[in-house]
Amino acid sequence: MSRRGRVLSAGVAVTVLAGCAGPVAGVEGDQRLQVVTTTPVLADLARHVAGDRARVTSIVPDRGDPHSYEPSLRDVRDVVYADVAFSNYMLLEEHAIIRTLDANLRPGVPNVSLAESAVKYAAEIIPLVENVNLDTVWLGLRVQGSGAQHGATRASQVQVTATGMDGPGQLTGYLTESFGSLRVYFDSGDGLGRADSVSLPTEAHTHMSWTFSEPGVYRLDLAAQLAVTDDAEPVDAGGGTFTFAVGVDPHEVADAAGAAILDQGHADLAVDLDTGGLVVVADETAAGHDHGADAAPVQHTYDPDEVVISVPNKALAPVPAGQGFGFLGRADEQIYQLPQAVLGKHVHGEIDPHLWLDVRNAQAYVEIMRDTLVAADPAGAGAYRANADAYLDELTATDAYVTERIASIPQSRRYLVTTHDAFAYLGLAYDVTIAGFVTPNPAVEPSLADRRKLAETIDNLHVPAVFLEPALAQRSSVLREVADDAGVRVCSIYSDSFGPDAGSYVELMRFNADSLARCLT
(Lines give C-alpha, C1' and ligand atoms only; values in the text may rest on other atoms or scores of the structure.)
Protein backbone atom coordinates (compact mmCIF):
# COMPACT_ATOMS: atom_id res chain seq x y z
CA MET A 1 0.00 0.00 0.00
CA SER A 2 1.39 3.37 -0.92
CA ARG A 3 1.45 6.34 1.36
CA ARG A 4 1.16 9.89 0.22
CA GLY A 5 0.03 13.22 1.61
CA ARG A 6 -0.87 16.67 0.48
CA VAL A 7 0.08 19.89 2.22
CA LEU A 8 -2.29 22.84 2.39
CA SER A 9 -0.86 25.79 4.28
CA ALA A 10 -1.40 29.51 3.74
CA GLY A 11 -3.00 28.76 0.40
CA VAL A 12 0.09 26.92 -0.92
CA ALA A 13 -0.20 23.30 -2.08
CA VAL A 14 2.90 21.13 -1.75
CA THR A 15 3.13 17.56 -3.03
CA VAL A 16 4.67 14.93 -0.75
CA LEU A 17 6.27 11.91 -2.43
CA ALA A 18 4.61 8.55 -2.09
CA GLY A 19 6.12 6.06 0.29
CA CYS A 20 6.55 2.32 -0.05
CA ALA A 21 4.56 -0.74 0.97
CA GLY A 22 4.43 -1.97 4.58
CA PRO A 23 5.66 0.13 7.52
CA VAL A 24 6.48 3.49 6.02
CA ALA A 25 9.46 5.58 6.98
CA GLY A 26 8.30 8.67 8.78
CA VAL A 27 9.90 12.06 8.94
CA GLU A 28 13.64 11.92 8.26
CA GLY A 29 13.56 8.15 7.83
CA ASP A 30 12.22 7.38 11.31
CA GLN A 31 10.53 3.96 11.16
CA ARG A 32 8.63 4.40 14.42
CA LEU A 33 4.97 5.31 14.76
CA GLN A 34 4.59 9.03 14.00
CA VAL A 35 2.43 10.93 16.52
CA VAL A 36 1.59 14.62 16.22
CA THR A 37 -0.06 16.73 18.92
CA THR A 38 -1.20 20.33 18.88
CA THR A 39 0.42 21.50 22.14
CA PRO A 40 3.56 20.72 24.17
CA VAL A 41 1.48 19.60 27.16
CA LEU A 42 -0.24 16.96 25.03
CA ALA A 43 3.08 15.95 23.49
CA ASP A 44 4.57 15.34 26.94
CA LEU A 45 1.63 13.14 27.94
CA ALA A 46 1.89 11.21 24.69
CA ARG A 47 5.64 10.63 25.06
CA HIS A 48 5.13 9.02 28.44
CA VAL A 49 2.65 6.57 26.91
CA ALA A 50 4.51 5.96 23.65
CA GLY A 51 7.96 5.46 25.11
CA ASP A 52 10.49 4.40 22.47
CA ARG A 53 7.91 3.03 20.04
CA ALA A 54 6.82 6.37 18.61
CA ARG A 55 8.18 9.75 17.57
CA VAL A 56 6.00 12.48 19.14
CA THR A 57 6.03 16.07 17.87
CA SER A 58 4.05 19.14 18.90
CA ILE A 59 2.82 21.74 16.43
CA VAL A 60 3.05 24.51 19.04
CA PRO A 61 6.59 24.85 20.46
CA ASP A 62 7.28 24.52 24.19
CA ARG A 63 6.99 28.24 24.94
CA GLY A 64 4.40 28.99 22.27
CA ASP A 65 0.79 30.07 22.77
CA PRO A 66 -1.78 27.62 21.31
CA HIS A 67 -4.33 30.43 21.18
CA SER A 68 -2.32 32.38 18.59
CA TYR A 69 0.36 30.13 17.05
CA GLU A 70 0.43 29.94 13.24
CA PRO A 71 1.72 26.59 11.87
CA SER A 72 4.83 26.49 9.68
CA LEU A 73 5.52 24.30 6.66
CA ARG A 74 7.61 22.07 8.93
CA ASP A 75 4.55 21.58 11.14
CA VAL A 76 2.50 20.67 8.07
CA ARG A 77 5.11 18.09 7.08
CA ASP A 78 4.84 16.46 10.51
CA VAL A 79 1.06 16.28 10.07
CA VAL A 80 1.37 14.72 6.59
CA TYR A 81 3.55 11.90 7.94
CA ALA A 82 1.55 11.34 11.14
CA ASP A 83 0.02 7.97 11.99
CA VAL A 84 -1.91 9.36 14.99
CA ALA A 85 -2.99 12.92 15.86
CA PHE A 86 -4.07 14.33 19.22
CA SER A 87 -5.63 17.77 19.69
CA ASN A 88 -7.28 19.24 22.76
CA TYR A 89 -9.93 21.11 20.76
CA MET A 90 -13.03 22.63 22.40
CA LEU A 91 -11.63 25.66 20.52
CA LEU A 92 -8.48 25.87 22.64
CA GLU A 93 -6.13 25.99 19.66
CA GLU A 94 -5.86 28.76 17.07
CA HIS A 95 -8.16 27.69 14.25
CA ALA A 96 -5.25 27.61 11.79
CA ILE A 97 -3.77 24.74 13.83
CA ILE A 98 -6.95 22.69 13.60
CA ARG A 99 -7.31 23.40 9.88
CA THR A 100 -3.70 22.34 9.29
CA LEU A 101 -4.33 19.11 11.15
CA ASP A 102 -7.63 18.21 9.53
CA ALA A 103 -6.65 19.21 5.99
CA ASN A 104 -3.36 17.31 5.88
CA LEU A 105 -3.84 14.07 7.80
CA ARG A 106 -4.06 11.05 5.52
CA PRO A 107 -7.45 9.30 5.29
CA GLY A 108 -7.95 6.82 8.11
CA VAL A 109 -5.40 8.34 10.49
CA PRO A 110 -6.88 8.59 14.03
CA ASN A 111 -7.59 12.26 14.76
CA VAL A 112 -8.56 12.42 18.42
CA SER A 113 -10.08 15.46 20.16
CA LEU A 114 -9.02 14.75 23.73
CA ALA A 115 -11.22 17.19 25.65
CA GLU A 116 -14.37 15.85 24.00
CA SER A 117 -13.31 12.20 24.29
CA ALA A 118 -12.27 12.56 27.93
CA VAL A 119 -15.88 12.71 29.13
CA LYS A 120 -16.17 8.97 28.36
CA TYR A 121 -13.16 8.43 30.61
CA ALA A 122 -14.78 10.16 33.62
CA ALA A 123 -13.20 13.58 33.08
CA GLU A 124 -15.18 16.54 34.40
CA ILE A 125 -15.78 19.56 32.19
CA ILE A 126 -16.67 23.10 33.22
CA PRO A 127 -19.02 25.28 31.17
CA LEU A 128 -17.75 28.78 30.43
CA VAL A 129 -19.88 31.24 32.38
CA GLU A 130 -20.13 34.68 30.84
CA ASN A 131 -20.12 37.70 33.13
CA VAL A 132 -23.55 39.28 32.76
CA ASN A 133 -22.98 42.00 35.34
CA LEU A 134 -22.66 44.71 32.72
CA ASP A 135 -24.37 48.08 32.51
CA THR A 136 -25.12 47.54 28.82
CA VAL A 137 -25.74 44.50 26.68
CA TRP A 138 -22.61 42.46 25.93
CA LEU A 139 -22.92 41.76 22.22
CA GLY A 140 -20.87 39.25 20.23
CA LEU A 141 -21.03 37.11 17.10
CA ARG A 142 -21.85 33.40 17.11
CA VAL A 143 -22.06 30.37 14.83
CA GLN A 144 -24.45 27.72 16.09
CA GLY A 145 -25.45 24.37 14.65
CA SER A 146 -23.15 21.80 13.10
CA GLY A 147 -23.93 22.41 9.42
CA ALA A 148 -23.68 18.64 8.94
CA GLN A 149 -26.21 18.76 6.11
CA HIS A 150 -23.63 20.76 4.14
CA GLY A 151 -20.72 18.48 5.12
CA ALA A 152 -19.24 20.99 7.58
CA THR A 153 -16.49 19.87 9.97
CA ARG A 154 -14.57 21.53 12.78
CA ALA A 155 -12.13 22.85 10.12
CA SER A 156 -14.93 24.67 8.26
CA GLN A 157 -15.41 28.41 8.64
CA VAL A 158 -18.31 30.83 8.45
CA GLN A 159 -17.79 34.32 7.06
CA VAL A 160 -20.15 37.03 8.32
CA THR A 161 -20.15 40.17 6.14
CA ALA A 162 -21.78 43.56 6.72
CA THR A 163 -23.57 44.26 3.47
CA GLY A 164 -25.37 47.48 4.37
CA MET A 165 -26.15 49.98 7.12
CA ASP A 166 -28.79 52.67 7.55
CA GLY A 167 -28.32 55.20 10.34
CA PRO A 168 -27.38 58.78 11.25
CA GLY A 169 -23.67 58.15 11.84
CA GLN A 170 -20.78 55.72 11.68
CA LEU A 171 -21.13 52.16 12.98
CA THR A 172 -18.09 50.02 13.77
CA GLY A 173 -17.50 46.56 15.15
CA TYR A 174 -13.96 45.76 16.25
CA LEU A 175 -11.91 43.40 18.38
CA THR A 176 -9.19 44.36 20.86
CA GLU A 177 -6.78 41.44 20.61
CA SER A 178 -4.20 40.29 23.13
CA PHE A 179 -1.73 43.03 24.07
CA GLY A 180 -3.81 45.82 22.60
CA SER A 181 -3.69 45.24 18.84
CA LEU A 182 -6.93 46.06 17.03
CA ARG A 183 -8.85 44.21 14.35
CA VAL A 184 -11.69 46.13 12.68
CA TYR A 185 -14.43 43.87 11.35
CA PHE A 186 -17.16 46.36 10.34
CA ASP A 187 -16.70 50.07 9.61
CA SER A 188 -19.40 52.00 7.80
CA GLY A 189 -17.27 55.17 7.87
CA ASP A 190 -15.58 54.27 4.60
CA GLY A 191 -18.48 52.31 3.15
CA LEU A 192 -19.24 48.65 3.61
CA GLY A 193 -17.78 46.00 1.33
CA ARG A 194 -16.23 42.53 1.24
CA ALA A 195 -13.52 43.64 3.68
CA ASP A 196 -16.15 44.29 6.36
CA SER A 197 -16.32 40.70 7.51
CA VAL A 198 -15.24 38.22 10.18
CA SER A 199 -14.58 34.48 9.94
CA LEU A 200 -15.45 32.07 12.75
CA PRO A 201 -15.13 28.30 13.16
CA THR A 202 -18.33 26.31 13.44
CA GLU A 203 -19.94 26.26 16.90
CA ALA A 204 -17.87 29.21 18.15
CA HIS A 205 -18.44 32.78 19.21
CA THR A 206 -16.38 35.89 19.69
CA HIS A 207 -16.74 39.03 21.77
CA MET A 208 -16.28 42.48 20.26
CA SER A 209 -16.91 46.19 20.75
CA TRP A 210 -19.58 48.13 18.86
CA THR A 211 -19.51 51.90 18.44
CA PHE A 212 -21.89 54.53 17.04
CA SER A 213 -20.90 58.12 16.32
CA GLU A 214 -24.36 59.76 16.56
CA PRO A 215 -27.63 59.08 18.39
CA GLY A 216 -30.52 57.58 16.46
CA VAL A 217 -31.74 54.31 14.99
CA TYR A 218 -29.26 52.11 13.11
CA ARG A 219 -30.09 49.08 11.00
CA LEU A 220 -27.21 46.75 10.09
CA ASP A 221 -27.50 44.13 7.33
CA LEU A 222 -25.40 40.99 7.77
CA ALA A 223 -24.99 38.03 5.42
CA ALA A 224 -23.23 34.72 6.07
CA GLN A 225 -21.50 32.09 3.96
CA LEU A 226 -20.22 28.66 5.01
CA ALA A 227 -16.85 27.55 3.62
CA VAL A 228 -16.90 23.78 4.15
CA THR A 229 -13.32 23.51 2.82
CA ASP A 230 -10.81 25.99 1.45
CA ASP A 231 -11.44 24.99 -2.16
CA ALA A 232 -15.21 24.41 -2.01
CA GLU A 233 -17.77 26.89 -3.31
CA PRO A 234 -19.16 28.84 -0.30
CA VAL A 235 -22.68 27.92 0.79
CA ASP A 236 -25.19 30.71 1.44
CA ALA A 237 -26.02 30.66 5.16
CA GLY A 238 -28.64 33.43 5.09
CA GLY A 239 -28.81 36.99 6.34
CA GLY A 240 -30.65 39.39 8.60
CA THR A 241 -31.11 43.03 9.59
CA PHE A 242 -30.40 44.06 13.17
CA THR A 243 -31.78 47.22 14.81
CA PHE A 244 -29.93 49.39 17.36
CA ALA A 245 -31.56 52.20 19.36
CA VAL A 246 -28.63 54.51 20.12
CA GLY A 247 -29.14 57.27 22.68
CA VAL A 248 -32.90 57.30 22.02
CA ASP A 249 -35.84 55.68 23.78
CA PRO A 250 -35.67 52.00 22.77
CA HIS A 251 -39.29 51.47 23.78
CA GLU A 252 -40.52 53.76 21.04
CA VAL A 253 -38.52 51.82 18.47
CA ALA A 254 -39.55 48.47 19.94
CA ASP A 255 -43.23 49.40 20.21
CA ALA A 256 -43.27 50.40 16.56
CA ALA A 257 -41.88 47.01 15.58
CA GLY A 258 -43.58 44.92 18.27
CA ALA A 259 -40.12 43.81 19.40
CA ALA A 260 -38.30 42.94 22.62
CA ILE A 261 -35.54 45.16 24.00
CA LEU A 262 -32.05 43.83 24.69
CA ASP A 263 -30.42 46.13 27.24
CA GLN A 264 -28.27 43.95 29.53
CA GLY A 265 -26.58 40.60 29.84
CA HIS A 266 -25.00 38.54 27.07
CA ALA A 267 -26.34 38.31 23.52
CA ASP A 268 -24.94 37.26 20.14
CA LEU A 269 -25.81 37.97 16.54
CA ALA A 270 -25.79 34.36 15.40
CA VAL A 271 -25.57 32.35 12.20
CA ASP A 272 -27.73 29.22 12.53
CA LEU A 273 -26.23 26.62 10.19
CA ASP A 274 -28.95 24.05 10.82
CA THR A 275 -32.00 26.21 10.11
CA GLY A 276 -30.36 28.81 7.87
CA GLY A 277 -30.43 32.55 8.43
CA LEU A 278 -29.26 34.89 11.17
CA VAL A 279 -30.86 35.20 14.60
CA VAL A 280 -30.24 36.84 17.97
CA VAL A 281 -29.35 34.48 20.83
CA ALA A 282 -29.70 36.14 24.23
CA ASP A 283 -29.96 35.37 27.91
CA GLU A 284 -33.62 35.73 28.83
CA THR A 285 -32.64 38.24 31.52
CA ALA A 286 -31.25 40.41 28.69
CA ALA A 287 -34.73 40.75 27.24
CA GLY A 288 -36.40 41.58 30.51
CA HIS A 289 -37.24 38.05 31.71
CA ASP A 290 -36.16 38.30 35.33
CA HIS A 291 -36.04 34.94 37.11
CA GLY A 292 -34.28 36.18 40.21
CA ALA A 293 -30.69 36.95 41.04
CA ASP A 294 -29.76 33.31 41.61
CA ALA A 295 -31.34 31.94 38.46
CA ALA A 296 -29.04 30.61 35.77
CA PRO A 297 -29.45 32.51 32.48
CA VAL A 298 -31.73 30.75 30.01
CA GLN A 299 -31.03 31.48 26.37
CA HIS A 300 -33.73 32.50 23.94
CA THR A 301 -33.55 32.81 20.16
CA TYR A 302 -35.17 35.76 18.37
CA ASP A 303 -35.64 36.65 14.74
CA PRO A 304 -33.77 39.90 14.03
CA ASP A 305 -37.03 41.80 13.48
CA GLU A 306 -38.22 40.74 16.96
CA VAL A 307 -35.42 42.55 18.78
CA VAL A 308 -34.16 46.10 19.34
CA ILE A 309 -30.65 46.34 20.80
CA SER A 310 -30.43 49.24 23.25
CA VAL A 311 -27.33 51.46 23.30
CA PRO A 312 -28.20 53.90 26.12
CA ASN A 313 -26.81 57.35 26.83
CA LYS A 314 -24.73 55.91 29.66
CA ALA A 315 -22.77 54.14 26.89
CA LEU A 316 -21.31 57.52 25.87
CA ALA A 317 -17.52 57.45 26.21
CA PRO A 318 -14.54 59.27 24.75
CA VAL A 319 -12.71 57.72 21.82
CA PRO A 320 -9.98 55.62 23.47
CA ALA A 321 -6.61 57.30 23.56
CA GLY A 322 -3.79 55.40 21.97
CA GLN A 323 -2.42 54.32 18.67
CA GLY A 324 -4.81 52.67 16.27
CA PHE A 325 -8.14 54.12 17.41
CA GLY A 326 -8.22 56.86 14.78
CA PHE A 327 -10.89 55.01 12.80
CA LEU A 328 -13.33 55.92 15.62
CA GLY A 329 -12.59 59.66 15.53
CA ARG A 330 -10.43 62.09 17.49
CA ALA A 331 -9.48 61.27 21.07
CA ASP A 332 -11.57 64.20 22.39
CA GLU A 333 -14.77 63.08 20.62
CA GLN A 334 -17.62 61.20 22.30
CA ILE A 335 -19.00 57.95 20.90
CA TYR A 336 -21.60 55.44 22.03
CA GLN A 337 -19.95 52.10 22.78
CA LEU A 338 -21.08 48.61 23.70
CA PRO A 339 -17.85 47.34 25.26
CA GLN A 340 -16.13 44.09 24.46
CA ALA A 341 -15.87 43.44 28.22
CA VAL A 342 -13.43 40.52 27.86
CA LEU A 343 -10.40 41.95 26.09
CA GLY A 344 -8.02 39.95 23.98
CA LYS A 345 -8.78 37.58 21.16
CA HIS A 346 -11.44 35.39 22.71
CA VAL A 347 -13.01 33.04 20.18
CA HIS A 348 -14.28 30.00 22.03
CA GLY A 349 -17.04 27.47 22.50
CA GLU A 350 -19.25 26.76 25.49
CA ILE A 351 -16.81 24.62 27.51
CA ASP A 352 -13.60 25.69 29.27
CA PRO A 353 -10.97 23.70 27.33
CA HIS A 354 -8.11 23.72 29.91
CA LEU A 355 -9.01 20.32 31.38
CA TRP A 356 -5.44 19.20 32.17
CA LEU A 357 -5.09 21.70 35.04
CA ASP A 358 -6.98 19.08 37.04
CA VAL A 359 -4.57 16.12 37.16
CA ARG A 360 -7.44 13.63 37.13
CA ASN A 361 -8.50 14.98 33.75
CA ALA A 362 -4.92 14.58 32.50
CA GLN A 363 -5.15 10.94 33.55
CA ALA A 364 -8.21 10.59 31.32
CA TYR A 365 -6.14 12.02 28.45
CA VAL A 366 -3.43 9.42 29.12
CA GLU A 367 -5.97 6.59 29.02
CA ILE A 368 -7.33 7.84 25.69
CA MET A 369 -3.81 8.03 24.29
CA ARG A 370 -3.04 4.50 25.51
CA ASP A 371 -6.11 3.02 23.84
CA THR A 372 -5.54 4.99 20.63
CA LEU A 373 -1.91 3.89 20.31
CA VAL A 374 -2.80 0.26 21.05
CA ALA A 375 -5.34 0.34 18.22
CA ALA A 376 -2.87 2.02 15.84
CA ASP A 377 0.07 -0.28 16.73
CA PRO A 378 -1.22 -3.58 18.20
CA ALA A 379 2.30 -5.04 18.31
CA GLY A 380 3.20 -2.45 20.92
CA ALA A 381 0.11 -2.96 23.09
CA GLY A 382 2.05 -4.37 26.02
CA ALA A 383 4.54 -1.52 26.04
CA TYR A 384 1.86 1.16 25.75
CA ARG A 385 -0.16 -0.32 28.61
CA ALA A 386 2.88 -0.69 30.85
CA ASN A 387 4.04 2.85 30.11
CA ALA A 388 0.57 4.23 30.77
CA ASP A 389 0.20 2.34 34.06
CA ALA A 390 3.51 3.67 35.33
CA TYR A 391 2.68 7.24 34.28
CA LEU A 392 -0.82 7.07 35.78
CA ASP A 393 0.80 6.14 39.10
CA GLU A 394 3.10 9.16 38.76
CA LEU A 395 0.11 11.39 38.03
CA THR A 396 -1.74 10.03 41.06
CA ALA A 397 1.23 11.02 43.20
CA THR A 398 1.31 14.43 41.50
CA ASP A 399 -2.39 14.96 42.22
CA ALA A 400 -1.79 14.16 45.89
CA TYR A 401 1.18 16.54 45.99
CA VAL A 402 -0.80 19.42 44.44
CA THR A 403 -3.71 18.77 46.80
CA GLU A 404 -1.43 18.77 49.86
CA ARG A 405 0.52 21.88 48.86
CA ILE A 406 -2.55 23.96 48.11
CA ALA A 407 -4.32 22.71 51.24
CA SER A 408 -1.43 24.22 53.23
CA ILE A 409 -2.58 27.70 52.16
CA PRO A 410 -5.04 29.22 54.63
CA GLN A 411 -8.51 29.27 53.10
CA SER A 412 -8.75 33.02 53.67
CA ARG A 413 -5.70 33.57 51.42
CA ARG A 414 -6.53 31.05 48.70
CA TYR A 415 -7.34 33.60 45.97
CA LEU A 416 -5.91 33.45 42.45
CA VAL A 417 -5.58 36.60 40.34
CA THR A 418 -4.08 35.97 36.88
CA THR A 419 -3.87 37.44 33.39
CA HIS A 420 -5.36 34.43 31.61
CA ASP A 421 -8.79 32.90 32.09
CA ALA A 422 -7.48 29.33 32.18
CA PHE A 423 -7.52 28.16 35.78
CA ALA A 424 -11.12 27.17 36.54
CA TYR A 425 -10.19 23.46 36.64
CA LEU A 426 -7.32 24.15 39.01
CA GLY A 427 -9.66 26.15 41.22
CA LEU A 428 -12.42 23.55 41.26
CA ALA A 429 -10.16 20.54 41.78
CA TYR A 430 -7.96 22.03 44.51
CA ASP A 431 -10.30 24.49 46.25
CA VAL A 432 -8.80 27.75 44.99
CA THR A 433 -11.05 30.77 44.47
CA ILE A 434 -10.49 32.44 41.10
CA ALA A 435 -10.64 36.08 42.14
CA GLY A 436 -10.24 37.45 38.61
CA PHE A 437 -7.80 39.44 36.51
CA VAL A 438 -5.37 42.11 37.48
CA THR A 439 -6.43 44.16 34.47
CA PRO A 440 -8.52 43.31 31.40
CA ASN A 441 -5.70 43.83 28.89
CA PRO A 442 -2.01 43.46 29.78
CA ALA A 443 -0.87 45.74 26.95
CA VAL A 444 -2.90 48.82 27.86
CA GLU A 445 -2.06 50.89 30.91
CA PRO A 446 -4.91 50.69 33.39
CA SER A 447 -6.91 53.83 34.07
CA LEU A 448 -7.05 55.36 37.52
CA ALA A 449 -10.38 53.58 37.98
CA ASP A 450 -8.77 50.26 37.02
CA ARG A 451 -5.95 50.81 39.49
CA ARG A 452 -8.40 51.79 42.21
CA LYS A 453 -10.52 48.70 41.56
CA LEU A 454 -7.45 46.45 41.77
CA ALA A 455 -6.31 48.05 45.00
CA GLU A 456 -9.78 47.62 46.49
CA THR A 457 -9.91 43.98 45.42
CA ILE A 458 -6.52 43.22 46.94
CA ASP A 459 -7.38 45.13 50.10
CA ASN A 460 -10.83 43.57 50.53
CA LEU A 461 -9.64 40.00 49.90
CA HIS A 462 -6.17 40.49 51.45
CA VAL A 463 -4.63 39.05 48.28
CA PRO A 464 -0.86 38.83 48.85
CA ALA A 465 0.19 38.02 45.25
CA VAL A 466 -0.86 38.06 41.62
CA PHE A 467 0.27 35.49 39.07
CA LEU A 468 1.69 35.97 35.59
CA GLU A 469 2.49 33.29 33.05
CA PRO A 470 6.17 33.44 32.05
CA ALA A 471 5.24 33.52 28.36
CA LEU A 472 3.48 36.84 29.02
CA ALA A 473 5.88 38.29 31.58
CA GLN A 474 8.00 40.32 29.15
CA ARG A 475 4.87 42.01 27.81
CA SER A 476 3.23 42.68 31.16
CA SER A 477 5.27 45.49 32.69
CA VAL A 478 2.11 47.47 33.43
CA LEU A 479 0.73 44.58 35.47
CA ARG A 480 3.92 44.53 37.49
CA GLU A 481 3.57 48.25 38.14
CA VAL A 482 -0.01 47.81 39.32
CA ALA A 483 1.01 44.99 41.63
CA ASP A 484 3.93 47.05 42.99
CA ASP A 485 1.64 50.01 43.65
CA ALA A 486 -0.69 47.71 45.57
CA GLY A 487 2.22 46.23 47.53
CA VAL A 488 1.70 42.63 46.41
CA ARG A 489 4.08 40.07 44.96
CA VAL A 490 4.17 38.98 41.31
CA CYS A 491 4.63 35.22 41.02
CA SER A 492 4.69 32.74 38.14
CA ILE A 493 2.10 30.19 37.05
CA TYR A 494 1.79 28.01 33.94
CA SER A 495 -1.23 26.91 31.90
CA ASP A 496 -0.84 26.28 28.14
CA SER A 497 2.93 26.14 27.63
CA PHE A 498 6.21 25.20 29.27
CA GLY A 499 9.03 27.49 30.37
CA PRO A 500 12.22 27.74 32.44
CA ASP A 501 10.60 26.32 35.59
CA ALA A 502 8.47 23.62 33.95
CA GLY A 503 9.58 21.44 31.06
CA SER A 504 6.99 18.70 31.52
CA TYR A 505 3.39 18.35 32.63
CA VAL A 506 4.30 16.97 36.05
CA GLU A 507 6.80 19.80 36.58
CA LEU A 508 4.12 22.30 35.50
CA MET A 509 1.57 21.09 38.04
CA ARG A 510 4.10 20.77 40.85
CA PHE A 511 5.55 24.21 40.11
CA ASN A 512 2.07 25.77 40.14
CA ALA A 513 1.29 24.18 43.50
CA ASP A 514 4.61 25.31 44.95
CA SER A 515 4.21 28.82 43.57
CA LEU A 516 0.71 29.18 45.00
CA ALA A 517 1.79 27.84 48.38
CA ARG A 518 4.91 30.00 48.51
CA CYS A 519 3.26 33.24 47.39
CA LEU A 520 -0.14 32.99 49.11
CA THR A 521 0.90 31.55 52.48
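Me: Which residue stands opposite F86 in strand 5?

Reply: The residue opposite F86 is T37. This is a predicted model, in which local features need pLDDT of at least 70, side-chain atom pairs count only at pLDDT 80 or more, and totals for chains, interfaces and linings use all residues. Residues are numbered from 1 along each chain as its sequence is written, and side-chain values use heavy atoms, with hydrogens and water left out.

Me: What is meant by a strand, and by the pairing of two strands?

Reply: Helices (H or I, at least four residues) and strands (E, at least two) are DSSP runs, numbered from the N terminus. Two strands pair if DSSP finds at least two bridges between them. Here, strand 3 and strand 5 (residues 84–87) are paired in the parallel sense over 3 bridges.

Me: In what order do the strands of the open sheet lie?

Reply: The order is 4-3-5-6, and the pairing of these 4 strands is parallel. Strand 4 (54–58) and strand 6 (111–113) each have a single partner strand, so one side of each lacks a neighbour in the sheet.

Me: Which strands does helix 3 lie across, and at what angle does helix 3 run to strand 5?

Reply: Axes are lines fitted to C-alpha atoms, for helices over the stretch in contact (heavy atoms within 4.5 Å). Angles run from 0 to 180 degrees between N-to-C directions. Helix 3 (residues 95–104) lies across strand 3, strand 5 and strand 6, at about 160° to strand 5. Helix 6 also lies across strand 3, strand 5 and strand 6, and runs at about 165° to strand 5.

Me: How is the span of helix 7 to be judged?

Reply: The expected span of a helix is 1.5 Å times one less than its number of residues. The 27 residues of helix 7 (residues 381–407) should therefore span 39 Å, and the end C-alpha atoms are 38 Å apart, which agrees.

Me: Which residues of helix 7 are buried, and what do they pack against?

Reply: Buried means under 20% relative accessible area, exposed over 50%, and partly exposed in between (1.4 Å probe, protein chains only). An α-helix has 3.6 residues a turn, so residues three or four places apart point the same way. Among the buried residues of helix 7 are Y384, A388, Y391, L395 and V402. The buried residues of this helix pack against elements including strand 3 (33–37), helix 6 (359–376) and helix 12 (505–520).

Me: Which cysteines form a disulfide?

Reply: A disulfide is a pair of cysteine sulfur atoms within 2.5 Å. C491 and C519 form one, with their sulfur atoms 2.0 Å apart. The pair links distant parts of the chain, 28 residues apart: C491 belongs to strand 26 (residues 489–492) and C519 to helix 12. C491 counts as buried because its relative accessibility is 6%, and C519 counts as buried at 3%.
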